[in-house]
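Here is my note on this model, point by point. Please keep the structure open while you read.

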Amino acid sequence: MVAIRMVNLASVDLNLLVALDALIAEVHVGRAARKIGLSQPAASHALKRLRELLCDPLLIRVGSRMELTPRAIGLRDSLAEALQRVQAVLVVDSFEPQKSSRRFSVMMQDHIAHLVLPALVKRVHSDAPDVRFDILPWQSPGSMKLERFRSIDLLFSCSLNEIAGFQRETLFTESEVTVVRKGHPSSSKMKNLKTFLNSKHVAVVGRGLTEDPVDGWLREEGVSRQIVLRVPSYLQAVQTVSQTDLVAFVPRRLAESLAGPLSLALLSPPIDPGEYQEYLFYPRRALEDPASIWLRNIALQLGKQLGPMDRRAFVA
């Protein structure tokens, strides 16, 4: 019965395989040394180590010349193929948008998708028609398990907290605004804090959250509003407001883009909400990935194109 000797790959010097390839190709220690830029003593030492590693003489002297052993002849084709594969692994990956069929997983809230997603898809497909997107259901990053983050290529969020394994860049500046339907009976009084708080509100509570972030902010100001409806998305909130007498407090850019189509009145809130940043998060594992760099640069450019916030007050 033939014993199979297993080789510990951790102990194998990759340069030995390069030397072996040259020795098999040249069948001569001196020529092999010149081919790979070694001195002849160094090539001889490499041959000695290879013989010990493979338990085979590999090259034997027959008269005045060297010949390959059957083992060396058998290695000729497989060794060349193995070295080509190693070189392919070590070569920096390239990305050609026109030829790519890459699939990207992106997570964003609906108000971000409304502002960015159509332009993102249009821009990407103009350069890379076969690239595909999976838009993942929104979930608060603070409630997500680490395994969930591994499937994400881009994450849009206003979270101020660091996400382990992710880099963050500012996408654009945002603020909040009061929204009611045009003709709302209290629209002219909504600037009054008491009227605002006593009105019936719709709250937006995304997956993984226990309350609308606006209510946390109002609590810090020492006040609270009357909530009669909770929905998971901003689009549901403004659509409901457009057909009822409910009040919503939503991102300003979304409200401005839908004011005309949904006949909404945008009102300055009684307490200045200030501004906050929407961020683009991307995994550090993909910092040097050409395809990921290409996609996030497009996303950042689209964020810049939204421009600065218009801080003028609204008139009821």
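1. Start with V27. V27 sits in the loop between helix 1 and helix 2. Helices (H or I, at least four residues) and strands (E, at least two) are DSSP runs, numbered from the N terminus. The phi of V27 is near 50°, a positive value in a residue other than glycine. Most residues other than glycine have a negative phi. V27 has a relative accessible area of 22%, so it counts as partly exposed. The cut-offs are these: buried is under 20% relative accessible area, exposed is over 50%, and partly exposed is in between (1.4 Å probe, protein chains only).

2. A word on the source. This is a predicted model, in which local features need pLDDT of at least 70, side-chain atom pairs count only at pLDDT 80 or more, and totals for chains, interfaces and linings use all residues. Residues are numbered from 1 along each chain as its sequence is written, and side-chain values use heavy atoms, with hydrogens and water left out.

3. Now the whole protein. The protein has 11 helices and 12 strands. Its C-alpha atoms fill a box of roughly 110 × 40 × 35 Å, taken along the principal axes. The radius of gyration is 32 Å, whereas a compact globule of 316 residues would have one near 20 Å. That radius is taken over C-alpha atoms, and the globule rule is 2.2 Å times the number of residues to the power 0.38. Buried residues make up 43% of the 316 residues. Of the contacts with a separation of 6 or more, 74% join residues 24 or more positions apart. Contact means heavy atoms within 4.5 Å.

4. How do helix 1 and helix 3 cross? The axes of helix 1 (residues 14–26) and helix 3 (residues 40–54) come within 10 Å and cross at roughly 100°. Helix 1 is therefore roughly perpendicular to helix 3. Axes are lines fitted to C-alpha atoms, for helices over the stretch in contact, and angles run from 0 to 180 degrees between N-to-C directions. Angles under 35 degrees count as roughly parallel, over 145 as roughly antiparallel, 65 to 115 as roughly perpendicular and the rest as oblique. L16, A19, L20 and L23 in helix 1 meet A46, L47, R49, L50 and L54 in helix 3. The residues of this contact are eight nonpolar, no polar and one charged. Here Ala, Val, Leu, Ile, Met, Phe, Trp, Tyr, Cys and Pro count as nonpolar, Asp, Glu, Lys and Arg as charged, and the others, Gly among them, as polar.

5. Helix 2 meets helix 3 too. Helix 2 (residues 29–36) packs on helix 3 at an angle of about 105°, with the axes 8 Å apart. These two helices are therefore roughly perpendicular to each other. V29, G30 and A33 in helix 2 touch Q40, A43, S44 and L47 in helix 3. This contact has four nonpolar residues, three polar and no charged.

6. Five strands form it in the order 4-3-5-12-6, with mixed pairing. Two strands pair if DSSP finds at least two bridges between them. Strand 4 (132–136) and strand 6 (166–174) stand at the edges with a single partner strand each, so one side of each has no neighbour in the sheet. Neighbouring strands are turned by 20° against each other on average, direction ignored. Strand 5 (residues 154–157) and strand 12 (residues 276–283) run antiparallel, joined by three bridges. F156 has L280 in strand 12 as its bridge partner. Helix 11 (residues 290–305) packs on this sheet, and its direction makes about 20° with that of strand 6.

7. Another open sheet has five strands in the order 9-8-10-7-11, again with mixed pairing. Strand 9 (226–231) and strand 11 (264–267) are at the edges, each with a single partner strand, so one side of each is left without a neighbour in the sheet. Neighbouring strands are turned by 35° against each other on average, direction ignored. Four bridges join strand 7 (residues 176–181) to strand 10 (residues 247–251), and these strands run antiparallel. V179 has A248 in strand 10 as its bridge partner. Helix 9 (residues 234–241) packs on this sheet, with its direction at about 140° to that of strand 10.

8. Is L218 buried or exposed? L218 is buried, at 1% relative accessibility. L218 lies in helix 8 (residues 213–220). Not counting residues up to four places away in sequence, L218 touches V223, R225 and I271.
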